[in-house]
Amino acid sequence: MKVVNKTKWNTMDLRKIFCRCLKEDEKAEGKLYQRKRLTVHVHTARQDSHCSGRASYNGIWIQMNILKNINKRSIENICYVFLHELQHTRGYHHGQFSEVVLRDMAKVIAPDYVLTEKINIKKEKPDIQQIRYNRAITNFGKAETRLKRAKTIYKKWAQKVKYYEKVFAFKSSSNHS
Ligand SMILES: [Zn+2]
């Protein structure tokens, strides 16, 4: 089952609800042969409307219209509508399945589920000055290391030069004597 979600609701939450409904429906009706190819398109219902759905008879698509604002009963309604649409997917017309049975099924399923909003991962605009400052700190650190290393090398060669100058001074002074 594929879920194409155009609402603000979390796709994983919706998927969990639909999967459980399908599972319960299959317990009662047997395996839905097109379950793998089934696509549930989830849209936002008009605000003055209620949760509704559409499905093709013996088909592979279901459309669910879910409200922007939900209350305690909403998940139960979503479960009922989805179970109802599943019956059409199975080829049943109205009157060929029991709405009472589906409503009871929805009542049992709903308390196990939540519907949360998608987490809005807003990409924060990178602060150019902060990036440049960080880069400056890194490069300053590198420069310090290089400076230290250069000082060590400078000291080393300076000492060597001093040493040989002393040696030469000593030699020349001893030659003269
Ligand atoms: Zn119907």
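The model is a predicted one, so to speak of local features a pLDDT of at least 70 is needed, side-chain atom pairs count only at pLDDT 80 or more, and totals for chains, interfaces and linings use all residues. Residues are numbered from 1 along each chain, as its sequence is written.

Helices (H or I, at least four residues) and strands (E, at least two) are DSSP runs, numbered from the N terminus, and two strands pair if DSSP finds at least two bridges between them. Four strands form an open sheet in the order E1-E2-E4-E3, and the pairing is mixed. Strand E1 (2–5) and strand E3 (52–55) sit at the edges with a single partner strand each, so one side of each has no neighbour in the sheet. On average, neighbouring strands are turned by 20° against each other, direction ignored. E3 and strand E4 (residues 61–66) run antiparallel and are joined by four bridges; Ser-52, for instance, has Asn-65 in E4 as its bridge partner.

Now the helices. Axes here are lines fitted to C-alpha atoms, for helices over the stretch in contact, and angles run from 0 to 180 degrees between N-to-C directions. Contact between two residues means that their C-beta atoms, placed from the backbone, lie within 7 Å. Helix H1 (residues 11–29) lies across E1 and strand E2 (39–44), at about 140° to E1. Helix H2 (residues 74–89) packs on the sheet too, touching E3 and E4, and its direction makes about 15° with that of E3.

H1 and H2 pack at about 50° with axes 10 Å apart, and are therefore oblique to each other (angles under 35 degrees count as roughly parallel, over 145 as roughly antiparallel, 65 to 115 as roughly perpendicular and the rest as oblique). On the H1 side, the contact is made by Ile-17, Phe-18, Cys-21, Leu-22 and Asp-25; H2 brings Ile-75, Ile-78, Cys-79, Phe-82, Leu-83 and Leu-86.

H2 also packs against helix H3 (residues 99–109), at about 135° and with axes 8 Å apart. That pair is therefore oblique as well. Glu-76, Cys-79, Tyr-80, Leu-83 and His-84 of H2 meet Leu-102, Arg-103, Met-105, Ala-106, Lys-107 and Ile-109 of H3.
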